[in-house]
Amino acid sequence: MTATLRDVVDVLDRLYPPATAQSWDQVGLVTGDPEQPIERILLALDPTLAVIDEARELHADLLVTHHPLLLRGIHSVATTSAKGASVTGLVVGDIALYVAHTNADVAATGVCEALAAAAGLEDTRPLAVVEDQPLGRVGRLASPTTLGAFATTLYAVLPPAAGGLRVSGPADAPVETVAVLGGAGDDQFDAVRASGADVYVTADLRHHPALEAREEARGGAPYLIDAGHWSSEAVWLTTLRDALGAALRVDIDISTVRTDPWTFTVGAENLGGTA
């Protein structure tokens, strides 16, 4: 029996309850008729124009993304803007859009768990509790290693991005306990210090918060790894595919469009020793 959009939304809402999203967030069904049939789903991190084109080419009936298309209010959906062209592309293509954002960050089959698994963490626990939800994860590696070796291993398992990984700390520093938070995470340094983590893996680390965090560490732990927003979250799409596949009889594809906005780097240098 063909699944309806309502059936798929019910599964997504169970996996990523909208009530667990942070208060400022916009999640759930964005476009689509709950009664429309769903035979093919495309998963992506961002609902960009290229991703929507890919969904149309694949004849996908539903696009599920992590990042919202309409997080802030808009007053026009004319195709003269990218947002308007995106909404029009979805509606004209008869493609539903569902968003699981901060509710997917905190879920057991969510972004932070996927990043923790990719990093090889065991016995994970929440890094922090934000709006009554467990944000980020802290765990231990199966065996101690060095910061350089850990960063190299992490780079190999994350989706590749032009920026690679930025690391703060000596390459030979010992690492065993790791904190992770997919996406932007420089507002959780207090929680990272309290966790006892040797290194913090997150993204979008700004100059001043990162510098202050390293100053507070006096050159020691916690060290920092900026894995990039896209890479640190795109690792979740495989987990999402498996979770949906276990509950639904539909075709599920992961987008081949790399929505990381960065395409290349110039002059990147290792200024802290070999990894």
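**Entry 1**

I began with E131, which is partly exposed at a relative accessible area of 42%; buried means under 20%, exposed over 50%, and partly exposed in between, with a 1.4 Å probe and protein chains only. This is a predicted model, so I took local features only at pLDDT of at least 70 and side-chain atom pairs only at pLDDT 80 or more, while totals for chains, interfaces and linings use all residues. I number residues from 1 along each chain as its sequence is written, and side-chain values use heavy atoms, with hydrogens and water left out.

E131 sits in the loop between β7 (121-130) and β8; helices (H or I, at least four residues) and strands (E, at least two) are DSSP runs, numbered from the N terminus. I read its phi as near 50°, a positive value in a residue other than glycine. D132 lies in the loop between β7 and β8, and its phi is also positive, near 70°. D132 counts as exposed, at 71% relative accessibility. For reference, most residues other than glycine have a negative phi, and most peptide bonds are trans.

**Entry 2: helix α3 and its end**

I listed the buried residues of α3 as G84, S86, V87, G89 and L90. They pack against β2 (28-31), α2 (49-57), β5 and β6 (96-99), where contact means heavy atoms within 4.5 Å. Just after α3, I noted a positive phi of about 55° at D94.

**Entry 3: a nonpolar patch**

V30, L70, I74 and V77 make a nonpolar surface patch of about 270 Å². Patches take residues with over 30% relative accessible area and no salt bridge, joining like charges within 9 Å and nonpolar side chains (Val, Leu, Ile, Met, Phe, Trp, Tyr) within 5 Å. The areas come from the Shrake-Rupley method with a 1.4 Å probe, and for residues only the protein chains shown count as cover. I placed I74 in the loop between β5 (62-65) and α3 (82-92). I74 is partly exposed, with a relative accessible area of 35%.

**Entry 4: salt bridges**

I counted 11 salt bridges, each a side-chain nitrogen of Lys or Arg within 4 Å of a carboxyl oxygen of Asp or Glu.

E113 and R137 meet at 2.8 Å, N to O. E113 is in helix α5 (residues 111-118) and R137 in strand β8 (residues 133-146), so the pair ties together parts 24 residues apart in sequence. E113 is partly exposed at 24% relative accessibility, whereas R137 is buried at 5%.

R166 bridges to D226, with the closest N and O atoms 2.7 Å apart. The pair links distant parts of the chain, R166 in strand β9 (residues 166-168) and D226 in strand β12 (residues 223-226), 60 residues apart. I found D226 buried, at 8% relative accessibility.

For D190 and R193 the closest N and O atoms are 2.7 Å apart. Both residues lie in helix α7 (residues 189-195), 3 residues apart, about one turn of the helix. D190 is exposed at 57% relative accessibility, and R193 is partly exposed at 35%. I also found a network of salt bridges linking R40, D251 and D253.

**Entry 5: buried charges without a partner**

I then looked at R214, in helix α8 (residues 207-217). R214 is buried yet has no salt bridge, and the nearest side chain of opposite charge is E215, 8.1 Å away; Lys and Arg count as positive, Asp and Glu as negative, and His and the chain ends are not counted. The R214 side chain does reach the backbone oxygen of G219, at 3.4 Å. Leaving out residues up to four places away in sequence, R214 touches S168, G169, G219, G220, P222, Y223 and L224. P222 lies in the loop between α8 and β12.

D105, in helix α4 (residues 102-106), is also buried and without a salt bridge, and its nearest side chain of opposite charge, R137, is 9.1 Å away.

**Entry 6: A246**

Last, I checked A246, in helix α10 (residues 236-247). A246 is exposed, with a relative accessible area of 72%. Its C-alpha atom is separated by 26 Å from that of R258, 12 residues apart along the chain.

Conventions: A polar contact is a pair of N or O atoms within 3.5 Å; within protein, one must be able to donate a hydrogen and the other to accept it, and residues adjacent in sequence count only if both atoms are side-chain atoms.
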